[in-house]
Amino acid sequence: MREIKHIAIFGAGGLGRNMAKLLGHKKTMRLVAACDSGGYALCPTGISAETLDLIPPGASVADLAGIGVASLDGIGDLLLCHEQYDGIFLSLPNLPNEFIPQIVQRIADSGFKGVVVDALKRTRAVEMILGMRETLQKAGITYITGAGATPGLLTAAAALAAQSFVEVESVDVYFGVGIANWDSYRATVREDIAHMDGFNVERVAQMSDEEVNAELDKRNGILELVNMEHADDIMLEVAGVVGREKVRVGGIVDTRNPKKPVSTNVKITGITFDGKRSSNTFILGDETSMAANVNGPALGYMKTAFWMNQQGISGVYTSAELMPRFPH
Ligand code: NAD
């Protein structure tokens with residue numbers, strides 16, 4: 001594998017484009033490929049965030065002069081060139097639940113042998129990825145699932161904070177997200193609407209932009225989410241920290257204001273070896289955006305995955321089972 005890791009972004013939307021900005025701060029990782037529903041761009045010497053900024057939101061990376069190619073299957077085209085990159089960040093919409101697992105199957109079939117990190121959210125989706133352990137192991141891919149913010153940073157923090165206790169009684173995740181405009185994070189907002197009463201992933205996948213706008217109008221742009229089907233539960237169960245029924249996830253998303261409506265936090269309650277009940281709480285700074293809290297951990301886990309891959313370790317792992325490293 002290369003010393004400076006070549007990275008491909010599958011899904012150059014809200015998170016994907018912010019990942020390009022974050023990669024601009026890293027000396028040991030370089031963005032070389034990106035795709036979206038309009039096509040792909042590939043440049044082994046690097047694609048800068050400034051270059052990506054030349055295309056307006058909503059336009060495709062296919063429009064990038066000299067390196068962009070229009071295509072109905074940018075993912076398939078980039079997979080044909082898989083020797084050009086070492087790591088893939090999956091920032092695709094996951095609607096329906098099977099979408100990203102199907103892409104992962106294509107990655108496994110392509111002959112790619114590097115590392116893959118996703119920021120999946122739904123329990124069912126992470127379960128499907130965990131079911132692909134053998135496939136990914138045989139393919140020689142090191143895959144870390146649930147490596148965003150929640151699941152991801154907060155789940156790993158819960159696994160660490162649980163060490164104070166001999167028995168964990170509950171894990172409560174509560175997140176606040178503020179975005180100026182839902183257009184910048186279409187998949188995230190759609191997937192959040194899917195958690196509201198009367199909606200599901202199949203239904204939101206079929207909704208037009210106008211229908212999404214109408215739902216947001218009804219709620220003044222604010223989505224209040226309770227008892228979400230979030231993979232923090234299965235990940236903490238698989239990591240042996242706590243049964244999934246004891247993990248609760250909720251939050252507030254303001255789709256019209258970049259200020260966080262509440263501070264994102266995770267509270268882990270348990271009993272210590274000497275019989276004391278207590279809670280450890282991890283609170284994120286309000287100035288850290290969703291993109292900072294998803295993409296930072298995703299790259300940190302990518303560094304962990306590169307390290308594992310070099311040790312000959314492949315297969316699927318969750319963020320709660322591992323600690324992210326820090327790429328410079
Ligand atoms: P987005 O809608 O802004 O961008 C998605 C991108 O994927 C777009 O560029 C789109 O063109 C591209 N795309 C769609 N279908 C494609 C296809 N078939 N081939 C190639 N490209 C395709 O999405 P977003 O708001 O940035 O969210 C991305 C993902 O991140 C979502 O699945 C969301 O759930 C997840 N997310 C996770 C967390 C977390 O903490 N774990 C937080 C926020 C978002």
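Q: How many residues of domain 1 are in contact with domain 2?
A: This is a predicted model, so to speak plainly: local features need pLDDT of at least 70, side-chain atom pairs count only at pLDDT 80 or more, and totals for chains, interfaces and linings use all residues. Residues are numbered from 1 along each chain as its sequence is written, and side-chain values use heavy atoms, with hydrogens and water left out. The automatic or database assignment gives domain 1 as 5–148 + 291–318 and domain 2 as 153–286. With contact meaning heavy atoms within 4.5 Å, 24 residues of domain 2 meet a domain 1 side of 22 residues.

Q: Which residues of domain 1 lose the most area to domain 2?
A: Buried area is the accessible area (1.4 Å probe) that two parts lose on being put together, summed over both. The two domains bury about 2000 Å² between them, 57% of it on carbon and sulfur atoms. Three residues together make up 36% of what the domain 1 side buries: Leu95, Lys121 and Arg122.

Q: Which residue meets Glu127 in a salt bridge?
A: The rule wants a side-chain nitrogen of Lys or Arg within 4 Å of a carboxyl oxygen of Asp or Glu, and it finds 3 salt bridges across the interface. For Glu127 the N to O distance is 3.1 Å, and the partner is Arg244.

Q: Which helix gives the most to the side of domain 1 that touches domain 2?
A: Helices here are DSSP runs (H or I, at least four residues), numbered from the N terminus. At least two residues each come from α1 (14–23), α5 (123–130) and α12 (290–310). With 5 residues, the top contributor is α5.
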